[in-house]
Amino acid sequence: MTALTSQVQMVPEDPVWQLQCFQVIQQEREGTWRLADGRRVKQAVSCLVTPQVGDHVLVAMAQNGSQSGADSFIVHILQRERCDSVQLNVPGAIQVQWQQEQIALLAKSKLTLFAAQQVDLGSLEQLLIQGKHQVYTAWETAVSHVQHFVQQVDSYTLTAKHLLKLHGEYQLLTADKEIKADADRIMMG
């Protein structure tokens with residue numbers, strides 16, 4: 001790869017930075033990579049794409065920087081042989097917040113949201129969940145608290161393995177054609 005060299009000095013007390021292209025040959029530990037010239041570098045905060053072995057990267061080096069890479073940062077991924085999967089990461093950040101008037105995440109086949117502990121979805125106005133098929137699974141407890149709850153379905157099956165309890169100050173059970181109650185014992189009143 002052809003070497004690109006440029007020098008930038010921000011303010012007089014800042015070091016002069018040099019930009020060069022290198023290939024990543026090894027990931028040493030999280031946030032540190034080894035380049036083809038043996039230099040160890042870190043991922044710059046502004047470089048959101050996590051480098052991979054084989055990537056051609058743009059590296060900013062302080063002119064007084066040593067081979068240890070203490071003052072060397074990958075600032076951009078220039079080329080990747082296969083770009084099937086890309087991991088985004090902000091080095092050192094615990095939380096990332098993206099604030100915009102509108103944000104759209106669009107996936108052609110699958111969108112996955114996952115957290116090891118908690119996922120929060122909320123809206124001050126309206127939360128819409130749409131899909132041809134919807135499956136909800138809770139391994140222990142599912143709780144809903146609402147002021148009004150309306151469901152409209154063509155067929156509805158509710159099965160409880162042990163106890164099914166419906167309680168309300170008033171209850172109304174109607175059918176256009178037939179109501180059937182079937183049990184070993186039926187108690188009314």
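Colleague: What does Arg39 form a salt bridge with?

Modeller: Arg39 pairs with Asp37, and their closest N and O atoms lie 3.3 Å apart. A salt bridge here is a side-chain nitrogen of Lys or Arg within 4 Å of a carboxyl oxygen of Asp or Glu. Please note that this is a predicted model, in which local features need pLDDT of at least 70 and side-chain atom pairs count only at pLDDT 80 or more, while totals for chains, interfaces and linings use all residues. Residues are numbered from 1 along each chain as its sequence is written, and side-chain values use heavy atoms, with hydrogens and water left out.

Colleague: Is Arg39 buried or exposed?

Modeller: Arg39 is buried, at a relative accessible area of 8%. The classes are buried under 20% relative accessible area, exposed over 50% and partly exposed in between, with a 1.4 Å probe and protein chains only.

Colleague: How many salt bridges does a search of the whole structure find?

Modeller: The search finds 5 salt bridges. One of them joins Arg40 to Glu28, with the closest N and O atoms 2.5 Å apart. That pair links distant parts of the chain, as Arg40 is in strand 4 (residues 40-43) and Glu28 is in strand 2 (residues 17-29), 12 residues apart. Strands are DSSP runs of E with at least two residues, helices are runs of H or I with at least four, and both are numbered from the N terminus.

Colleague: And how accessible are Arg40 and Glu28?

Modeller: Arg40 is partly exposed, with a relative accessible area of 36%. Glu28 is also partly exposed, at 27%.

Colleague: Which residues are linked with Glu28 in a network of salt bridges?

Modeller: Arg34 and Arg40 are linked with Glu28 in that network.

Colleague: What about Asp84 and Arg82, how far apart are they, N to O?

Modeller: Their side chains meet in a salt bridge at 2.2 Å, N to O. Asp84 is exposed at 61% relative accessibility, and Arg82 is exposed at 57%.

Colleague: Changing topic, how many disulfides does the structure hold?

Modeller: The structure holds 0 disulfides, a disulfide being a pair of cysteine sulfur atoms within 2.5 Å. As for individual cysteines, Cys21 is buried at 15% relative accessibility, and Cys47 is buried at 4%.

Colleague: What does the secondary structure come to?

Modeller: The protein has 0 helices and 6 strands, and along the sequence the pattern reads β-β-β-β-β-β. Of its 189 residues, 15% count as buried.

Colleague: How much of the contact set comes from residues 24 or more positions apart?

Modeller: Such residues account for 53% of the contacts with a separation of 6 or more, where contact means heavy atoms within 4.5 Å.

Colleague: Where is Leu35, and what does it touch?

Modeller: Leu35 is found in strand 3 (residues 32-35) and is buried, with a relative accessible area of 0%. Not counting residues up to four places away in sequence, Leu35 touches Phe22, Gln23, Val24, Ile25, Val41, Val57 and Val59. Leu35 and Val57 are 22 residues apart in sequence, and their C-alpha atoms are 9.2 Å apart in space.

Colleague: And Ala62, where is its place?

Modeller: Ala62 belongs to strand 5 (residues 56-62) and is buried at 5% relative accessibility. Leaving aside neighbours within four places in sequence, Ala62 is in contact with Pro15, Val16, Trp17 and Asp71. The C-alpha atoms of Ala62 and Val16 are separated by 5.8 Å, although the two are 46 residues apart along the chain.

Colleague: Which loop holds Gly31?

Modeller: Gly31 is in the loop between strand 2 and strand 3, and is partly exposed at 25%. Beyond neighbours within four places in sequence, Gly31 contacts Val41, Lys42 and Gln43.

Colleague: Last topic: which classes of residue make up the lining of the largest pocket?

Modeller: The lining has 16 nonpolar, 7 polar and 1 charged residues. Nonpolar covers Ala, Val, Leu, Ile, Met, Phe, Trp, Tyr, Cys and Pro, charged covers Asp, Glu, Lys and Arg, and the others, Gly among them, are polar.
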